Amino acid sequence: MGAYDKLKEGRVGEERINKQGCLMKVAEYNKSSDISVEFQDEYKVNVHTSYASFCKGDVKNPYAPSVFGVGKIGLKYPVSIGKRAIKEYSAWRSVLIRCFDKKEKEKHHTYQNVICCDEWLLYENFYEWLHRQDNFSKWLNGDLWAIDKDILVKGNKAYTPDTCCLVPNNVNKLFTKSDSARGDLPIGVRMCGNKFQARCMNPFMKQLEHLGTYDTIDKAFYAYKKYKEEIIKLVAVDEFNKGNIIKDCYNAMMNYKVEITD
């Protein structure tokens with residue numbers, strides 16, 4: 001065996017820790033500028049690189065947590081076309097922002113206790129979930145859509161494949177509570193002199209409907225509750241007929257109950 005062959009043989013199996021803190025091993029050595037490195041994690045991905053980059057720890061692991069310290073992009077799917085992020089990646093990053101960006105959590109009260117399941121920390125899993133949705137093409141080609149976590153499971157705080165669905169923004173906004181705007185009164189109720197007024201947005205008329213003035217908070221709230229639940233049902237029928245929401249979302253909306261504690 002020649003000296004060069006011995007060099008090659010000696011370097012195959014050599015290990016280093018890269019700058020991301022990932023263990024990597026030389027899997028194949030052709031020459032110093034042409035080697036294959038295998039990362040020693042559950043994904044076992046191989047990356048073509050140079051021996052110098054390997055020694056410096058400059059070889060990047062595509063499955064290392066690189067987005068907000070938790071999100072792993074992987075290799076299977078694109079994140080951009082040219083310099084523009086694709087919609088799937090932007091949506092995934094938005095979920096991680098809500099769950100892991102401290103500044104965003106401080107800015108938005110509704111993000112405080114929001115979490116993301118481990119499965120969706122890998123972009124590939126999130127991408128595949130999106131593409132499996134019956135209304136994916138509607139979401140992909142729509143301008144104003146949301147990944148909603150609250151409709152299928154009321155009060156849910158976790159982004160998971162089983163609790164989320166794709167909806168147009170007008171559906172998402174139906175369930176916005178605006179806690180800071182209403183103060184201590186129940187949703188849909190405001191003070192009017194020494195009485196209580198019920199009101200609710202009508203998304204079809206695009207105007208705020210005044211539902212009457214009542215002597216008690218309870219009466220005002222139940223006027224709102226009755227009207228709001230009917231509006232949710234009407235929107236569910238309309239959006240389902242358009243193909244904008246899936247059957248599970250439709251069923252959840254048809255059975256949705258507005259509570260005084262909302």
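Which strands form the open sheet of three strands, and in what order? The order is β11-β12-β13, and the pairing is antiparallel. One caution before I go on: this is a predicted model.

Let me stay with the sheet. β11 and β13 are its edge strands, each pairing on one side only. From one strand to the next, the twist averages 35 degrees. Helix α9 packs on this sheet and touches β11, β12 and β13. The direction of α9 makes about 10 degrees with that of β12.

Now the β11 and β12 pair. β11 covers residues 189–192, and it pairs with β12 in the antiparallel sense over four bridges. V189 stands opposite A198 in β12. C192 stands opposite K195 in β12. The two strands form a hairpin, with two residues between them. Look at G193 in that turn: its phi is positive, about 70 degrees.

On to the other loop of this sheet. K206 sits between β12, residues 195–202, and β13, residues 207–214. K206 is not a glycine, yet its phi is positive, about 55 degrees. Is K206 buried or exposed? It counts as exposed, because its relative accessibility is 72%.

There is another residue of this kind elsewhere in the chain. F68 has a positive phi near 55 degrees, and F68 is not glycine either. Its loop runs between α2, residues 51–56, and β5, residues 80–81. F68 has 29% relative accessibility, so it counts as partly exposed.

What does I232 touch, leaving out residues up to four places away in sequence? The answer is L174, F175, M253 and Y256. For a sense of distance, take Q20. It is 212 residues from I232 along the chain, and their C-alpha atoms are separated by 48 Å.

Next, a helix pair: α3, residues 87–100, and α5, residues 123–132. Their axes come within 10 Å and cross at roughly 115 degrees. The crossing is right-handed. On the α3 side, the contact is made by E88, Y89, A91, W92 and V95. On the α5 side, it is Y123, F126, Y127, L130 and H131. By class, that gives eight nonpolar residues, one polar and one charged.

Which residues of α5 are buried? They are Y123, E124, F126, Y127, W129 and L130. The cover over them includes α3, as well as α6, residues 136–141. It also includes β8, residues 145–148, and β10, residues 165–168.

Last stop, E14. This residue is in the loop between α1, residues 3–11, and β1, residues 15–17. E14 has a relative accessible area of 18%, and the cut-off for buried is under 20%, so E14 counts as buried. Where does its side chain make a polar contact? With the side chain of R16, at 2.8 Å. Leaving out residues up to four places away in sequence, E14 touches M24, K25, V26, Y51 and F54.

That is the tour. Questions, please.

Definitions and conventions:
Residues numbered from 1 in each chain as written. Predicted model: local features only at pLDDT ≥ 70, side-chain atom pairs only at ≥ 80, totals over all residues. Heavy atoms only, no water. Contact = heavy atoms within 4.5 Å. Buried < 20%, exposed > 50% of the residue type's maximum accessible area, 1.4 Å probe, protein only. Axes fitted to C-alpha atoms, helices over the stretch in contact; angles between N-to-C directions. Left-handed = near helix turned anticlockwise from the far one by under 90°. Nonpolar A, V, L, I, M, F, W, Y, C, P; charged D, E, K, R; others polar. Pairing = 2+ DSSP bridges. Polar contact = N/O pair within 3.5 Å; in protein donor to acceptor, adjacent residues only side chain to side chain.
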